[in-house]
Amino acid sequence: MPTYPVRRCSAACAAHFVLLAGLITAGCSGGSAGATGDATPATRDGNWSGAELSFIVVGGKVAAIQVAAATCTGDDGCSATYPARTLSSVDGVVAFSAADEVARVEGQFHGAEQASGSLRLDDGAECCVVVTAWTASWQAPAAGVDGGSLDGGVVGGGGLGSVDWGGASLGSVHPGPSRVGAMPDRGQIAGVDDVQRAAVAILEEIRATVGVAPIRLDAAAAQAAQAHAVFYVDHAAAYAAAGLSPHAEDASFGAGFTGNNFAARMAAAGYGGTPSSEVMAFTGSASGAITGWMETLYHRLPLIDPGSVDVGYGAAAVGKARTEVMVFGAGKAANDPIVVWPFPGQTGVPKGWSGNESPQPPPPTSGYPSGPIVTARLPAGSTVQEHGIAAVGASGPAATSLPHVFLSTKNDPELAKFDARSVALYAEEPLAGGTVYEVWLEIAGASGSDTLRWRFETAP
């Protein structure tokens, strides 16, 4: 989290500190730090990110702002920590602002990919306040190796959106392709706020990336997710004392009980479909939660499953307790592609994974960390005959696969509970940075034998 050497002082105080994050001003004045120059409206929807905060733009408007946790130090050496928080009511378009009882954000767009402004954190009780400039940049959905991006729909001439992903998919069958249809215009849905819409917008971008049809934001599912998030943080101490799973609720804990499990809670909220799964995280932001889920195995699968047709999101924070909840409803899939993650040509893939998931996938021989989790949802009736992962050099991938864990429904009961068509593999050790890797799966099915083979690149 950002740490600011900012002190509480009188109105006459005007100390200044320069950090990598930008110009940090200590004092009682909350003057704007940044947001200068000519501005034009944001032309790119999606995720904008910076060290101090991140936000989602939907329909050309900031939908919700996720302020990072921050620490400051007072004159007498005391320190204070401001937890991460979400500002869900944002005013303005080119220039925008948002505030709650602790945080105030002012910002302005500078063209299509840059924004900046000021941030103030002050709850009136801590020994110090944070007054800082912030900057944020539009984050292109992980581009293919040919440099294509997802902005503007189907990418012509190869890369994301093409059948072979610009040469990053090399087998006889291919995932996706990505961008099977237009992103839906959610508009205003009764009972659903901007934070919930923004979270689903992040999920929609991921699903479009891998070629899965859009998912429906359901108001009843959102109500169930939000109610459970509130119940959890309101009774965090009771959960800890009882050792109760965060996915469960106990009516004896007190107010807000809506059902023992997610299916009961969705039904209580009026959801008329088939409840299928629930995932939870404890990060303080929608983007952090979804990023974390996508790095896991069991929590990733429902997010990119074509059979997940309805979704609801909720988040809440009380003191140090915070949670993000996403629930799904199952139905007839609008399309049925092969789905892989990391996707072909993806860059910036984490080099390793900590194993931080409950239930935890079977650990490598020497324990975690492992390489990143690779998953593939295969055609119905397929079986994997051979599998591997290797670094790609000048002469192609190594002849021998790296030692790795391979999971299917045949050897992983947890995987069998969710999806008979998905398999996973992960290297026994973290991968090298800034390196292209190739994954291969030799599969057999009703149509004969095929090869699913694709490449991705790790972060430096």
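The chain averages a pLDDT of 83, and 83% of the residues score at least 70.

This is a predicted model, in which local features need pLDDT of at least 70 and side-chain atom pairs count only at pLDDT 80 or more, while totals for chains, interfaces and linings use all residues. Residues are numbered from 1 along each chain as its sequence is written, and side-chain values use heavy atoms, with hydrogens and water left out.

- Four strands form an open sheet with mixed pairing in the order β15-β17-β18-β16, where strands are DSSP runs of E of at least two residues and helices are runs of H or I of at least four, numbered from the N terminus, and two strands pair if DSSP finds at least two bridges between them.
- The edges of this sheet are β15 (216–217) and β16 (274–281), each of which pairs on one side only.
- Strand β17 (residues 308–318) pairs with β15 in the parallel sense over two bridges, and L217 stands opposite V311 in β17.
- Helix α2 (residues 219–234) packs on the sheet and touches β15, β16, β17 and β18 (321–330); its direction makes about 30 degrees with that of β17, with axes fitted to C-alpha atoms, for helices over the stretch in contact, and angles running from 0 to 180 degrees between N-to-C directions.

**Aromatic pairs**

- A search of the whole structure finds 17 aromatic pairs, counted when the ring centres of Phe, Tyr or Trp (its six-membered ring) lie within 6.5 Å, with planes under 30 degrees apart called stacked, over 60 edge-to-face and the rest tilted.
- The rings of F55 and F96 are edge-to-face, because their centres are 5.7 Å apart and their planes stand at 65 degrees.
- F55 lies in strand β5 (residues 53–58) and F96 in strand β11 (residues 95–99), 41 residues apart, so that the pair links distant parts of the chain.
- Both F55 and F96 are buried, that is, under 20% relative accessible area, whereas exposed means over 50% and partly exposed lies in between (1.4 Å probe, protein chains only).
- The rings of Y232 and F282 have centres 5.6 Å apart and planes at 50 degrees, so this pair is tilted.
- Y232 in helix α2 and F282 in the loop between β16 and α5 (286–295) are 50 residues apart.
- Y232 counts as buried at 14% relative accessibility, whereas F282, at 42%, counts as partly exposed.
- Ring pairs link Y232 and F282 with F231, Y239, F253 and F257 into a cluster.

Definitions and conventions:
pLDDT is the predictor's confidence in each residue, from 0 to 100. Contact means heavy atoms within 4.5 Å.
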